Amino acid sequence: MHIPDGFITLPLCIVLYVIAIIALYFSFKWSRENLDEKYIPLLAVLAAGIFAIQSFNLPVPFGSSGHLLGAALVAIIFCSPYAAIIVLSVVLILQALFFGDGGITALGANILNMAIVGGFVGYYGFSSLESKIGKYPSIFIAAWAGCFIASLVAAVEMALSGTFPIGLGLFYMGGYHAMIGVIEAIITVIIIKGLESVRPDLLAWNR
């Protein structure tokens, strides 16, 4: 899902950078109001874990990649999409600067797709479904949707830039991530269930 340099136009890159910067501003504002030293180690562990799982990429036709996301996991644990934006942005910046995974000009796009879309869809999908179908089914669906919808947004951005036809982009990006999203959903449920068993105090809904 990491978009390389040259795959989206410069004007679109600039617009998406602005959106990413605004989202980061509100995310750091949220962190000052809601996080204390108790949660910093958990954020660091999640960032390291997400960095690792995103290292396993499946090539997607036309130059992008498919992989697990992790945004819904962070957003649900902290009951806020802003936590996901912070963690995923740090991961994406490190990947772009030091590992060549995702372009520098496309960094705003990658933050929008994976951190913002993934975090908001993950958290609000979970919160809207929990009372209707239960905690863990809603976590499963929200994590899957966060991965899947983020991939569709990336496909639209590249299609708008003329990288590939919109139909093919949605087919390949959506198709790959519909399958990858199932794995993401299973991992998200397992991690949150494990955390609830051993350290329920770290889950925001138990504060």
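1. A word on terms before the helix pair: helix axes here are lines fitted to C-alpha atoms over the stretch in contact, and the angle between them runs from 0 to 180 degrees between N-to-C directions. Please also keep in mind that this is a predicted model.

2. With that in hand, have a look at helix 6 (residues 135–160) and helix 7 (residues 166–198), whose axes come within 7 Å and cross at roughly 150 degrees. Since angles over 145 degrees count as roughly antiparallel, helix 6 is therefore roughly antiparallel to helix 7. The crossing of the two helices is right-handed. As for the residues in this contact, 22 are nonpolar, 6 are polar and 4 are charged.

3. Staying with helix 7, is isoleucine 192 buried or exposed? Isoleucine 192, which is found in helix 7, has a relative accessible area of 0%, so this residue is buried.

4. On to the aromatic residues: the structure holds 9 aromatic pairs. One of them joins phenylalanine 120 and tyrosine 124, which are stacked, with 5.8 Å centre to centre and 20 degrees between the planes. Both residues lie in helix 5 (residues 107–133), where they are 4 residues apart, about one turn of the helix.

5. How accessible are these two rings' residues? Phenylalanine 120 has 29% relative accessibility and so counts as partly exposed. Tyrosine 124 counts as partly exposed too, at 45% relative accessibility.

6. For another geometry, see phenylalanine 171 and tyrosine 172: this aromatic pair is edge-to-face, with 5.2 Å centre to centre and 80 degrees between the planes. Phenylalanine 171 counts as exposed because its relative accessibility is 56%, whereas tyrosine 172, with a relative accessible area of 27%, is partly exposed.

Technical notes. Residues numbered from 1 in each chain as written. Predicted model: local features only at pLDDT ≥ 70, side-chain atom pairs only at ≥ 80, totals over all residues. Heavy atoms only, no water. Parallel < 35°, antiparallel > 145°, perpendicular 65-115°, else oblique. Left-handed = near helix turned anticlockwise from the far one by under 90°. Nonpolar A, V, L, I, M, F, W, Y, C, P; charged D, E, K, R; others polar. Phe/Tyr/Trp six-rings, centres within 6.5 Å; stacked < 30°, edge-to-face > 60°. Buried < 20%, exposed > 50% of the residue type's maximum accessible area, 1.4 Å probe, protein only.
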